[in-house]
Amino acid sequence: MRIDVSTIKDIKGASIDVELEGPLDPMVIAGTTLKPVTPVYVVAKATSTGHSGILVQGKARAKLQAECHRCLREFIFDVETELQEQYCKEPYRPSSGQGSEQDEVLTYNGDFVDISKEVNSLLALSIPIQLVCSSECRGLCHICGKNLNDGECSCSDESGDIRLAPLAELYKS
């Protein structure tokens, strides 16, 4: 996903609005493979900040397919993120007193700013920690493994540590 900044890069305050679409690579996060269902769709505004700097602000969204952490069924979910990134023309040389050696500086070459890497990173950071198909997902039976979203299983709820059976008898009486 590249933004053509040839018309704004030399005019401080000039901006352009863009709509971009691009591929999203499959991601593996915490052992869960997320497969893209749709391309990434980005609506952004690129603004020249002077001294060959470009500020890109906007939103990105995509649909991903994953396995539910509770019931293990495949489901599709939306992921959306906001982006605000500053790009500097390559070769970038910070002036004295600006930033430190550890600061990451995003750069661009020529008349195009490539935002693909940052968009993919921000989308990955926007994915929830626990992926569930719905908030009402009941998961799997811890005894037989039946998907409880499909109905109740015939397992007894009275399972437990046999060493605690005498205490359970006290509650019954």
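I began with L72, which is partly exposed at a relative accessible area of 47%. For burial I use these cut-offs: buried means under 20% relative accessible area, exposed means over 50%, and partly exposed is in between, with a 1.4 Å probe and protein chains only. L72 is found in the loop between β6 and β7. My strands and helices are DSSP runs numbered from the N terminus, with helices (H or I) of at least four residues and strands (E) of at least two. The phi of L72 is positive, about 65°, although L72 is not a glycine. I noted this because most residues other than glycine have a negative phi.

A word on the ground rules: this is a predicted model, where local features need pLDDT of at least 70 and side-chain atom pairs count only at pLDDT 80 or more, while totals for chains, interfaces and linings use all residues. Residues are numbered from 1 along each chain as its sequence is written, and side-chain values use heavy atoms, with hydrogens and water left out.

I then turned to S52, another residue with positive phi, near 60°, and not a glycine. S52 sits in the loop between β5 (40-50) and β6, and is partly exposed with a relative accessible area of 27%.

Next, how many salt bridges are there? I count 4, taking a salt bridge as a side-chain nitrogen of Lys or Arg within 4 Å of a carboxyl oxygen of Asp or Glu.

One of them joins K9 and D111, with the closest N and O atoms 2.4 Å apart. K9 is in the loop between β1 (2-4) and β2 (15-22) and D111 in the loop between β8 (106-108) and β9 (112-114), so this pair ties together parts 102 residues apart in sequence. K9 is buried at 16%, while D111 is partly exposed at 29%.

I also looked up D78 and K63, whose closest N and O atoms are 2.9 Å apart in a salt bridge. D78 belongs to strand β7 (residues 74-89) and K63 to strand β6 (residues 53-67), and the two are 15 residues apart. D78 is exposed at 56%; K63 is partly exposed at 34%.

R138 and E152 form a salt bridge too, at 2.4 Å between the closest N and O atoms. Both lie in the loop between α1 (116-125) and α2 (165-172), so the pair ties together parts 14 residues apart in sequence. R138 is partly exposed at 44%, and E152 is exposed at 55%.

What did the search for aromatic pairs find? It finds 1 in the whole structure. The ring centres of F75 and F77 are 5.6 Å apart and their planes lie at 35°, so I call the pair tilted. The rule is that rings of Phe, Tyr and Trp (its six-membered ring) pair if their centres lie within 6.5 Å, with planes under 30 degrees apart stacked, over 60 edge-to-face and the rest tilted. F75 and F77 are both buried.

My last stop was T32, in strand β4 (residues 32-36). T32 is buried, with 14% relative accessibility. Beyond its neighbours within four places in sequence, T32 is in contact with M27, H69 and L131, contact being heavy atoms within 4.5 Å.
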